[in-house]
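Visitor: I am new to this structure and would like a short tour. Could we look at it together?

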Amino acid sequence: MLLSNPIEWLTAFLAATVAVWFLGRSLPWAALQPIAQPSPLAAAALGYLQRPGRMASVGLLLLRLSIGLVMIHHGQEKLADPQQFASTYVASLHLPFPLFFAYAAGFSELIGSWLVILGLFTPLGALALCSTMAVAAYQHILTGGFNIYVLELVLLYLGGSLAILLNGPGRFSFDAGMAPLLLSDVGRRASSSRTTLQPVAIPIERS
């Protein structure tokens, strides 16, 4: 059932935040450190998720909340009347199955916004928002040309989502909290599968 007004989705957001906060309190995030030496790929992933400092992470948190809360509204609007959105916007792109793409856009914005807000699988959520905003910008340019008054909001949403995608969610996110645990499992599997060569003395018989 879709949420019909801002009070409902704000209440749902607060309830979800409290629930996830209690879940986070039950896990010792500070004690989670990679056990084995992570691979270069795992180290790069950890750097992406935990790279910014405290103030930069606060800025990313505010950006995630701003973009996510606004984009939830757009996703709900699309899913409230997908046929109207398909006829008005998707049909102008001459894509097959416009109703399917209308649902895809609505769910991408709705689910992607929740992922961005909570900082959970943030790259996927930010990528979903970037994709829908890029298509929206193309649609506006295709139908109305380079009209800044039409494109300004779409470009702001696209720029904010792209900034989150490129910079990561920041330290105040569940991705950053879960990263050491996930990377420790990756490092443990990598170390167990790594073979070590030891020198062996081979006796030589003298005739």
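Predicted model: local features only at pLDDT ≥ 70, side-chain atom pairs only at ≥ 80, totals over all residues.

Visitor: How many helices and strands does the protein have?

Guide: The protein has eight helices and zero strands. These are DSSP runs numbered from the N terminus (helices: H or I, at least four residues; strands: E, at least two).

Visitor: And how much of the protein is buried?

Guide: Of its 207 residues, 33% count as buried. Buried means under 20% relative accessible area, exposed over 50%, and partly exposed in between, with a 1.4 Å probe and protein chains only.

Visitor: Which residues of helix 3 are buried?

Guide: Among them are S57, L60, R64, I67 and G68. L65 also belongs to helix 3, but L65 is partly exposed, with a relative accessible area of 24%.

Visitor: How far is L65 from V116 in space?

Guide: Their C-alpha atoms are 7.5 Å apart, although L65 and V116 are 51 residues apart in sequence.

Visitor: Changing topic, what is the volume of the largest pocket?

Guide: The volume is about 690 Å³. A pocket is an open set of points on a 1 Å grid over the protein atoms alone, where a 1.4 Å probe fits, with protein on both sides within 12 Å along at least five of seven lines; lining residues have an atom within 4 Å of a point. The volume itself is the space filled by probe spheres set on the points, which are joined across faces, edges and corners.

Visitor: Which residues lie nearest the centre of that pocket?

Guide: K78, F85, E109, T132 and A136 do, out of 29 lining residues. Helix 6 gives the most to this lining, with eight residues.

Visitor: Last topic: how many aromatic pairs are there?

Guide: The count comes to three, where rings of Phe, Tyr and Trp (its six-membered ring) pair if their centres lie within 6.5 Å; planes under 30 degrees apart count as stacked, over 60 as edge-to-face and the rest as tilted.

Visitor: Why is the pair of Y103 and F107 stacked?

Guide: The ring centres of Y103 and F107 are 6.4 Å apart and the planes are at 20 degrees, so this pair is stacked. Y103 and F107 are four residues apart in helix 5, and therefore separated by about one helical turn.

Note on methods:
Residues numbered from 1 in each chain as written. Heavy atoms only, no water.
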